[in-house]
Amino acid sequence: MKVLIRGAGDLATGIASRLYGAGHQILMTEIEIPLTVRRTVALSRAVYEGSAQVEEMTGVLAKDQTGAETAISDGNIAVMVDEEASCRRWFRPDVIVDAILAKRNLGTRITDAPFVIGVGPGFTAGADCNCVIETKRGHTLGNIIRSGPAIPNTGVPGNVAGYTVERLIRAEADGALEPKVQIGDHVEKGTTVAVTGGAPVYAQMTGIVRGMLQAGVRVRKNLKIGDIDARAEVSHCYTISDKARAVGGGVLEAVTGFERMKDKFAIVILAAGAGTRFGGNKLNALVKNKPLYEHTLEKIRAFGAFPAYVVTGSEEIAQEAEKNGITTVWNREPERGISLSLTLGLKKAMENRPGLKGVLFSVCDQPGLGISTMQQIFRTAFQHPGSIVCAGNGERTGNPVCWDSLFFPELLALTGDEGGRQIMRRHREKVRIVQADPEELKDIDRREDLVHERR
């Protein structure tokens, strides 16, 4: 697959190493003047050197689309100066990995690619990305977080050989950096290791200089400009770190899982109900300042790898669906019951993607449903073939429901207004419930249901 990595520092390079080794095509973006301390093991070095070799990878600076495509076709990794990652518009990546490590999100959105990964603090899985990779040292390093954020930034560097803040070399003043030692040099505590803005910078501990910014770069006071390692292994200065490999492993696991699920599922949104119990067109009722149906359509944009269809008789919903890349399937006879919408949507999905593994059916009146819950339903369905997977709480089942292709014939045979629940009752042993917050499961059936949702 095509993977766009935002950032090309040492951690991002560790991620690239895992993905490159697995055969993926990689484009990395950087700022005009990279500030990578461990530059000997970072492809960001290509920005000012033209190319950079890190272990088995070669990063090549590309000035434009043609240059990037040439570098990738030659078996290398393309590196571009593109702070906003605008290259995603022509590169059209399957996956975006934000590995800038700014401790905050600088603009990455869950809709920027079919699958979006945030690295470290500043991202929330299910909100601005599909998953987050933990970067804090310890037993959770490299874990895939599929709901919520990573551990917050503490401001204290990880413990390496008993040292934390002492490991860092920080600028003493604003101005140009003049290194007094080289990466790989052994230094004693108190040694002058650099001069910044005319002020000397002293080592806070004894060890090997594992990283140092390039000479001449302008820095600000207290910026991290270098790193000292008490383990004193010179080879560590020229090899990807254990932390970067662990984080890269987490990214590779997430990407591999996505790759195997890609194109295997479809989504059908049911939005053709007559709103009998509501007493009117409930899908146009305002919830948190927008029509009820828009909440579902917007969430579906987070699943760009799966074709999506909305079954409706509403021109307004159809137009909004088109804006979100969702195909309309017309149902002009809602009075025939939900089974008609189910079968119309399923037939269209099967027609467009023969060999589908499963289809997720979602109603359009659950504004509290979370993207993370939907993701977990897909993952559970993929990991447990032959299952009916739904959101629920305790033993209570709810929507959405993902049906394995094994049940397509029974779904197509449905009539009336009961929908798939009769099939679930016949195959109770096949039903798997993904636990969700009760608020996610609430639907808008009556006008009084809007009172709570409008708050």
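User: How much space lies in the largest pocket?

Analyst: In this predicted model, the largest pocket holds about 1,700 Å³ of space. Local features here need pLDDT of at least 70, side-chain atom pairs count only at pLDDT 80 or more, and totals for chains, interfaces and linings use all residues. Residues are numbered from 1 along each chain as its sequence is written, and side-chain values use heavy atoms, with hydrogens and water left out.

User: What makes a space a pocket or a cavity?

Analyst: On a 1 Å grid over the protein atoms alone, a pocket is an open set of points with protein on both sides within 12 Å along at least five of seven lines, whereas a cavity is a set where a 1.4 Å probe fits but cannot get out. A volume is the space filled by probe spheres set on the points, which are joined across faces, edges and corners. A search of the whole structure finds 1 cavity of 30 Å³ or more, and about 40 Å³ of space lies in the largest cavity.

User: Which residues line the largest cavity?

Analyst: Lining residues have an atom within 4 Å of a point, and those of the largest cavity include Asp 98, Ile 100, Pro 121 and Phe 123. The largest pocket is lined by 47 residues, with Ile 100, Leu 101, Ala 102, Lys 103 and Lys 224 nearest its centre.

User: Why are α1 and α5 called oblique to each other?

Analyst: Angles under 35 degrees count as roughly parallel, over 145 as roughly antiparallel, 65 to 115 as roughly perpendicular and the rest as oblique. Axes are lines fitted to C-alpha atoms, for helices over the stretch in contact, and angles run from 0 to 180 degrees between N-to-C directions. α1 and α5 (residues 242–261) pack at an angle of about 50°, with their axes 7 Å apart, and α1 and α5 are therefore oblique. Their contact, meaning heavy atoms within 4.5 Å, includes Leu 11 and Ile 15 of α1 and Val 251 and Leu 252 of α5.

User: What makes α6 roughly parallel to α7?

Analyst: Helix α6 (residues 292–300) and helix α7 (residues 315–323) pack at an angle of about 25°, with their axes 10 Å apart, and that angle makes α6 roughly parallel to α7. Among the residues in this contact are Tyr 293 and Leu 297 of α6 and Ile 317 and Ala 321 of α7.

Note on methods. Helices (H or I, at least four residues) and strands (E, at least two) are DSSP runs, numbered from the N terminus.
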